[in-house]
4 protein chains.
Amino acid sequence: MNTLGKNIRLTSYGESHGEVVGAILDGFPAGFSLNVDYIQGQLDRRKPGQSRVSTPREEADKVIINSGVFNGKTTGAPIHFQLKNNNAKPKDYAHLKEVYRPSHADYTYDARYGAGNRDYRGGGRSSARVTAGWVAGGALVQDYLAKENQIKISAYVKQIGGVKLETPAILYTIEEVDATIVRCPDEGVAATMIVAIEQAQKDKDSLGGIIECVVSGVPAGLGNPVFDKLNAALGHAMLSINAVKGFELGGGFEMSSKRGREVNDSFEMKDGKPYTKTNNSGGIQGGISNGMDIVFRVAFKPTATIGTLQSTLNTSGDEVELEATGRHDPCVVPRAVPIVETLAALVVGGYVL
Amino acid sequence: MNTLGKNIRLTSYGESHGEVVGAILDGFPAGFSLNVDYIQGQLDRRKPGQSRVSTPREEADKVIINSGVFNGKTTGAPIHFQLKNNNAKPKDYAHLKEVYRPSHADYTYDARYGAGNRDYRGGGRSSARVTAGWVAGGALVQDYLAKENQIKISAYVKQIGGVKLETPAILYTIEEVDATIVRCPDEGVAATMIVAIEQAQKDKDSLGGIIECVVSGVPAGLGNPVFDKLNAALGHAMLSINAVKGFELGGGFEMSSKRGREVNDSFEMKDGKPYTKTNNSGGIQGGISNGMDIVFRVAFKPTATIGTLQSTLNTSGDEVELEATGRHDPCVVPRAVPIVETLAALVVGGYVL
Amino acid sequence: MNTLGKNIRLTSYGESHGEVVGAILDGFPAGFSLNVDYIQGQLDRRKPGQSRVSTPREEADKVIINSGVFNGKTTGAPIHFQLKNNNAKPKDYAHLKEVYRPSHADYTYDARYGAGNRDYRGGGRSSARVTAGWVAGGALVQDYLAKENQIKISAYVKQIGGVKLETPAILYTIEEVDATIVRCPDEGVAATMIVAIEQAQKDKDSLGGIIECVVSGVPAGLGNPVFDKLNAALGHAMLSINAVKGFELGGGFEMSSKRGREVNDSFEMKDGKPYTKTNNSGGIQGGISNGMDIVFRVAFKPTATIGTLQSTLNTSGDEVELEATGRHDPCVVPRAVPIVETLAALVVGGYVL
Amino acid sequence: MNTLGKNIRLTSYGESHGEVVGAILDGFPAGFSLNVDYIQGQLDRRKPGQSRVSTPREEADKVIINSGVFNGKTTGAPIHFQLKNNNAKPKDYAHLKEVYRPSHADYTYDARYGAGNRDYRGGGRSSARVTAGWVAGGALVQDYLAKENQIKISAYVKQIGGVKLETPAILYTIEEVDATIVRCPDEGVAATMIVAIEQAQKDKDSLGGIIECVVSGVPAGLGNPVFDKLNAALGHAMLSINAVKGFELGGGFEMSSKRGREVNDSFEMKDGKPYTKTNNSGGIQGGISNGMDIVFRVAFKPTATIGTLQSTLNTSGDEVELEATGRHDPCVVPRAVPIVETLAALVVGGYVL
């Protein structure tokens with residue numbers, strides 16, 4: 001239940017305000033030179049406190065790797081990643097012990113695990129902080145795919161609130177994506193997004209958004225029918241991220257209102273191999289890659305935690321008023337970019353390795 | 001790879017124009033009275049030739065069940081479902097042996113399994129005909145959930161091409177859904193959808209659409225963090241259906257452009273249990289059901305097969321022209337309604353049983 | 001629960017006196033020429049009525065293969081194997097409806113699935129007849145391994161009752177093994193075994209035995225630590241066979257009474273690759289093959305069904321007397337030889353393919 | 001590959017002379033009061049340096065538990081166990097970098113993961129030290145089963161070298177088992193075993209042995225046909241332990257030389273429920289528990305590491321002489337008792353929880 005994947009498997013553990021969060025990566029090949037800087041880089045892109053549009057919680061998030069690596073190289077044994085929770089402030093959350101925050105997982109965890117067993121400190125196990133372990137493991141796979149298979153994965157912010165990047169999906173470099181603090185590769189659009197976030201922040205409100213991800217260099221023939229489709233595995237992984245409410249591939253939902261002639265991807269030859277003139281298929285047909293860029297989008301709802309008074313229930317069933325005081329992001333989308341990338345790497349890696 | 005689920009598992013086999021399609025359902029409880037009529041009813045909703053907006057291929061699609069049942073009751077042993085392909089016309093497809101149809105899985109299957117190994121007859125293994133086995137197995141679970149757990153699952157057509165049903169998601173009866181041949185519960189909207197399909201048919205073109213599904217009666221507490229979320233499992237299943245390009249839960253993609261205050265679901269008490277005033281969460285929070293209706297939508301692209309001339313490649317890499325002559329649906333969405341329902345039953349059943 | 005394996009997966013269904021038994025093999029590679037004769041040959045070695053030391057039940061056991069194969073070659077899609085139960089005599093078993101046969105699975109199935117749900121006809125799902133589906137699927141993998149990987153698998157009877165074959169484990173040909181009806185490759189020992197079985201039969205009693213299996217040609221490096229060891233996977237598969245009570249690898253239980261110096265396998269070079277002078281490791285060290293023959297033994301208890309009066313309980317808890325009248329084998333071991341071989345093929349194939 | 005189980009899953013990581021060994025336990029129920037002392041107690045029974053018949057390596061083996069527990073109770077989230085390797089002496093093993101120790105996993109790891117990638121320090125990942133993480137996770141499940149399900153699991157040494165405990169399998173208390181340093185509950189037999197080990201030690205040799213395990217209080221009806229049999233799952237787990245070469249249930253291998261009449265377990269009523277007069281079935285019939293004690297035995301080969309000169313190969317393929325100098329057990333069997341118990345708990349727990 002806390003494990004993702006089949007050939008490459010990531011098993012996650014830890015809570016937001018416990019001592020640690022971490023993960024075990026199993027099935028990773030031997031003999032690969034560990035690049036801790038790359039992994040740390042992805043963690044730094046995810047970590048709190050990195051910009052004025054993210055939560056003020058401060059975590060060094062320095063990754064510890066203490067198994068599966070010998071003399072700087074992977075051995076084929078499971079690799080354990082761990083991050084300490086240094087800036088945990090569990091007391092900030094004492095008032096949440098007996099309140100179900102709206103659109104959070106407090107109530108459902110109580111329903112699932114029995115009232116009174118929930119670690120309520122900052123969302124506990126349901127917090128997005130646990131994705132730090134995912135990013136660590138996934139970043140290693142992402143680095144491997146880039147170096148050993150020439151498969152590049154790049155995600156970026158496509159939309160925040162009503163502000164949209166309208167250009168077609170392409171593989172951006174990390175420099176292009178990270179040029180702005182919202183991780184939208186168009187400077188003008190990014191500026192408008194920042195304004196929107198800051199306005200929401202001022203209003204003690206929050207914003208949703210969309211991340212687009214491009215996986216380039218995937219050879220044709222990756223994926224398995226009928227219940228192990230590459231798109232289904234990607235969808236499963238993305239829908240595991242906190243606050244995600246939708247997933248679409250290639251032309252996605254928009255294709256529902258189209259006709260076949262408008263969206264069918266015609267084949268032609270290019271550089272000696274089949275190529276489609278358009279890519280509404282998003283690089284996957286019948287669950288198997290066709291060699292074109294894999295393109296998908298992930299929809300995030302607005303951060304559920306907002307500084308405004310909301311009516312809700314406590315654990316006794318009484319209606320109460322709640323005003324969030326813990327630290328939180330007005331919009332999680334920019335920090336979710338490395339989460340999308342690294343989970344995509346875990347999924348694609350599971351078919352490649 | 002051809003198995004869906006963990007506790008309740010469906011393993012699929014068969015090809016569109018081979019002798020049979022079928023499935024094994026494993027993990028189903030003992031002692032349940034088999035209602036073959038219910039299962040056959042769902043198969044009849046899926047079968048070809050059922051209306052003027054579906055493919056003219058005619059299949060009786062009478063289900064054979066020959067294991068796991070004794071004296072009319074399930075025994076706990078695996079249940080084998082089989083359907084014969086009576087109206088297979090493999091010769092109709094001889095011209096496709098060496099052509100890659102645009103936006104089909106012909107090329108990707110060749111890339112995955114090696115050129116020359118593909119059963120090209122009507123799409124072979126990649127055809128939606130194989131979903132007949134899924135529907136048979138899933139219908140048994142759907143019947144069980146309704147009778148033993150008061151969990152009702154109802155899907156219906158929300159959109160075809162540009163024509164949309166704008167009313168909120170509710171649990172319709174099968175009679176309401178099947179009142180029109182497009183399975184849209186609003187007669188007026190349905191009539192416009194039918195016109196749109198017939199126009200596409202006339203134009204030798206095809207249409208996409210959206211199915212909405214409501215799962216009602218699910219108790220709070222179903223689902224598991226963090227990689228076994230109920231929404232991720234539903235997404236995985238839906239993205240396994242042929243022609244599906246997107247999945248969204250509750251408020252879905254639209255929530256990306258909203259603020260938290262607009263979409264947060266406030267709790268209140270109703271009939272002695274927590275209830276949310278709105279249901280933008282789609283009945284699932286943190287991957288676990290909250291007791292509200294589970295609501296999700298599935299986006300289908302237009303049928304890839306169209307009767308218009310398209311340019312494409314053959315297996316030798318030459319550019320050729322292709323005009324489809326096999327039988328096909330101008331819009332697969334109405335026939336996909338029972339597929340969505342029964343896959344949802346398999347997923348939900350996997351957490352309940 | 002009815003599926004074996006991870007990369008190559010066999011899913012089993014069917015009951016002893018239902019209409020059919022069968023299996024789906026998933027994950028088998030594309031492009032392999034199906035040799036139905038080889039598969040049928042293994043089924044013939046397993047089928048009842050083949051000699052005077054086996055049950056008189058007569059089944060043609062002609063295998064039907066109706067998916068995953070196109071133009072005589074596998075396509076990569078799941079392969080469905082089915083065998084009809086022609087000689088089912090369910091009425092012979094009416095007297096067993098309410099009696100728990102000693103050392104059978106009647107009582108435990110009732111405990112597991114609820115009294116009254118059990119298919120009691122000839123053991124139903126718990127009958128060794130369901131292994132026919134396993135043999136069909138496994139035989140295809142066995143044929144593949146021999147042709148594509150030069151991996152040969154040969155099992156033979158090592159012991160029946162007190163009669164033992166004392167020679168070291170070697171790879172016998174099928175002709176050598178099948179030279180006698182008990183499948184012991186030493187004619188003299190086989191003759192004594194036959195006498196022992198016939199005496200047990202005369203006494204309305206039954207006999208147990210041991211099968212030894214040699215897998216030759218496995219390259220070094222197959223298997224995975226720490227919970228996916230090749231020996232653990234083999235043990236799991238063998239302990240799934242009806243009537244099996246033990247599994248041992250290489251030197252096995254005898255090594256427990258030995259010292260390290262006596263049983264350590266020293267390495268030397270032979271034909272340019274590491275080789276061990278002895279093979280007490282049974283070809284596997286640390287869960288991974290070392291390139292030597294894999295050698296294991298499987299212990300079968302005597303057939304539980306005997307023609308002698310036994311005291312037991314009925315489903316109401318009354319003590320009753322039972323005398324078996326259905327058809328059964330005095331010793332199942334000779335017919336289990338192809339079961340051991342084909343399950344070994346499924347396991348080894350899962351690591352090779 | 002480093003995960004055991006389905007409902008209750010243990011994922012293992014770490015190496016013998018790395019910084020840590022550990023495990024994640026997933027699927028454990030919420031609301032159980034963590035008894036660290038019990039877990040530490042089982043770890044202490046496994047830890048090195050505990051008696052004069054075990055390795056002199058000294059490890060405090062104090063367990064760290066830092067997720068999945070809140071206010072002293074489990075939360076349903078994954079539980080992370082970690083143990084530091086304090087007494088690691090990696091330099092002791094430098095001479096093993098390029099030598100394949102006989103009957104160890106050095107050569108097979110190189111074959112599996114590529115020469116040069118192996119952590120050769122004390123066997124690295126293939127060392128039995130990694131079982132410390134298994135014991136920690138399994139001990140929690142063992143404690144749970146005892147308290148919540150009245151299922152007691154007790155293992156003890158049945159045989160060391162040629163010295164055997166001849167009494168029938170019964171449930172001993174931990175005090176009875178631990179009364180002697182070899183964990184054989186008969187003082188006289190234990191004394192002889194100790195002499196045998198000390199003699200082997202003096203001879204710079206090692207000894208094998210057998211552990212017997214009794215699981216008492218298991219209700220009838222636990223286990224699943226046909227590939228998820230309780231005995232197959234137990235066998236799989238036991239065959240995952242280092243140095244194990246065999247597994248048998250109930251009457252085991254001895255039943256192979258018996259007749260049905262001698263070993264069939266007749267049913268009778270006792271205290272209002274079915275009971276078998278004998279227990280040659282070992283508590284499991286058709287893969288499902290029958291309510292009697294589950295009894296199985298696990299065969300360990302002699303420790304492969306011995307202080308005597310042995311001929312072997314180095315990684316270049318040259319024949320060399322090797323004399324072990326690292327710390328090791330002359331007989332691992334007494335320390336393996338808690339490993340057998342806790343793995344049995346993990347397996348049984350997977351069916352109960």
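How many bridges join strand β2 of chain A to strand β3 of chain A? The number is six, and the two strands, residues 9–14 and residues 20–26, run antiparallel. This is a predicted model.

Strands β2 and β3 belong to an open sheet of five strands in chain A, ordered β1-β2-β3-β7-β4 and paired in antiparallel fashion. At its edges lie β1 (3–4) and β4 (64–65) of chain A, each of which pairs on one side only. Helix α3 of chain A, residues 131–149, packs on the sheet and touches β2, β3 and β7 (79–84) of chain A. The direction of α3 makes about 30 degrees with that of β3(A). Within the sheet, T11(A) stands opposite I24(A), a residue of β3(A).

Two packed helices are described by the angle between their axes and the distance between the axes.

| Helix pair | Angle | Axes |
|---|---|---|
| α6(B) (residues 230–238) and α8(B) (residues 333–352) | roughly 145 degrees | within 10 Å |
| α6(C) (residues 230–238) and α8(C) (residues 333–352) | about 145 degrees | 10 Å apart |

In chain B, the crossing of α6(B) and α8(B) is right-handed. On the α6(B) side the contact consists of L230(B), A233(B), L234(B), A237(B) and M238(B), and these meet V340(B), L343(B), A344(B), L346(B), V347(B) and Y351(B) of α8(B). By class, eleven residues of this contact are nonpolar, with no polar and no charged ones.

In chain C, α6(C) and α8(C) also make a right-handed crossing. Here L230(C), A233(C), L234(C), A237(C) and M238(C) come from α6(C), while V340(C), L343(C), A344(C), L346(C), V347(C) and Y351(C) come from α8(C). The contact of α6(C) with α8(C) has eleven nonpolar residues, no polar and no charged.

## How the chains are related

Two copies of a chain are related by a rotation about an axis and a shift along it. What rotation superposes chain B on chain C? The rotation is 180 degrees, with 0.0 Å of shift along its axis and an RMSD of 0.0 Å. That is the relation of a two-fold axis. T11(B) is the residue of chain B that comes closest to the rotation axis, with its C-alpha at 3.9 Å. Of the interface residues of chain B, 100% are also interface residues in chain C, so the copies meet through the same surface.

Chain D is likewise superposed on chain C by a rotation of 180 degrees with 0.0 Å of shift along the axis, at an RMSD of 0.0 Å. The same surface serves both copies, as 100% of the contact residues of chain D recur in chain C.

Between chain D and chain C, 86 residues of chain D are in contact with 86 residues of chain C. On the side of chain D that touches chain C, 33 residues are nonpolar, 39 are polar and 14 are charged. Strand pairing also links these two chains: three bridges join β12 (residues 244–249) of chain C to β12 (residues 244–249) of chain D, and the strands run antiparallel. In this pairing, F247(C) stands opposite F247(D) of β12(D).

Other chain pairs have no contact. Chain A and chain C do not touch, and their nearest C-alpha atoms are 8 Å apart. Chain B and chain D do not touch either, with their nearest C-alpha atoms 8 Å apart.

Key
Residues numbered from 1 in each chain as written. Chains lettered and ligands numbered in written order. Predicted model: local features only at pLDDT ≥ 70, side-chain atom pairs only at ≥ 80, totals over all residues. Least-squares fit on C-alpha atoms with pLDDT ≥ 70 in both. Contact = placed C-beta atoms within 7 Å. Axes fitted to C-alpha atoms, helices over the stretch in contact; angles between N-to-C directions. Helix = DSSP H or I, 4+ residues; strand = E, 2+ residues; numbered from the N terminus. Left-handed = near helix turned anticlockwise from the far one by under 90°. Nonpolar A, V, L, I, M, F, W, Y, C, P; charged D, E, K, R; others polar. Pairing = 2+ DSSP bridges.
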